[in-house]
Amino acid sequence: FFFLPPVRTLSIAEPQNVLTFLILAGVGITAAQLAGRLRRQANTGARSATENAALAAFGQKLASVADEGGTAAVTCAEIANLLDLSTVLLLRRDGRLHVAGAAPDEAALGPLDLTAADWAWDRGEPAGRDTATLTASDWQFHPLATSLGVLAVLGISHDGRGDPLPASRRVLFATLLGQAALAHERLQL
């Protein structure tokens, strides 16, 4: 349109200008792809830096509490905030699971949810919504497994809709879960 005669038209007057058009189009497409790739890499780097800072802050907050209630509250509040989820942390006392912390505080668990949490505790595997076990539950439960065994179960939910954890956030969640498990193991030791 701007470079090949007749200028300011979309027609090509001479056959040799077809090659020039194809080369210019190829350069334009290549430049656009390189710019897109660079933008994606910059976004990934920024997200990684943000997640690393959040993990460091989470570890510091966990280290600052020295009881189960405080550890449960920090775990639930930080994971809920970082991943935009509802969270609940359950501990076993007298053979039954009890809510030790939740964010927001009004987490309601039904009988099916508690069954899924028991399954996760007993087998050391995730259970509940979008897992292989007890999928009718509104919550997804993950055991906090350590060298001492399962010390707690963390439940996550995203307003009862679909998978509460998108694939892009699973690595961050697994790291947060590991930090929480280490904090509970530290309390036991």
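The axes of helix H1 (16-63) and helix H2 (residues 68-83) come within 10 Å and cross at roughly 165 degrees. That makes H1 roughly antiparallel to H2, a label for angles over 145 degrees. Axes are lines fitted to C-alpha atoms over the stretch in contact, with angles from 0 to 180 degrees between N-to-C directions. Helices (H or I, at least four residues) and strands (E, at least two) are DSSP runs, numbered from the N terminus.

The model is predicted: local features need pLDDT of at least 70, side-chain atom pairs count only at pLDDT 80 or more, and totals for chains, interfaces and linings use all residues. Residues are numbered from 1 along each chain as its sequence is written, and side-chain values use heavy atoms, leaving out hydrogens and water.

**Backbone features**
- A cis peptide bond joins Ala 103 and Pro 104, with omega about -5 degrees.
- Pro 104 sits in the loop between strand S2 (96-103) and helix H3 (111-123).
- Asp 94 is not a glycine, yet its phi is positive, near 55 degrees.
- Asp 94 belongs to the loop between strand S1 (86-93) and S2.
- Leu 134, also not a glycine, has a positive phi of about 50 degrees.
- The loop between strand S3 (127-128) and strand S4 (140-146) holds Leu 134.

**Exposure**
- Asp 94 is exposed, at 80% relative accessible area.
- Phe 3, in the segment before H1, is exposed at 67%.
- Leu 134 is partly exposed at 28%.
- Buried means under 20% relative accessible area, exposed over 50%, and partly exposed in between (1.4 Å probe, protein chains only).

Key:
Angles under 35 degrees count as roughly parallel, over 145 as roughly antiparallel, 65 to 115 as roughly perpendicular and the rest as oblique.
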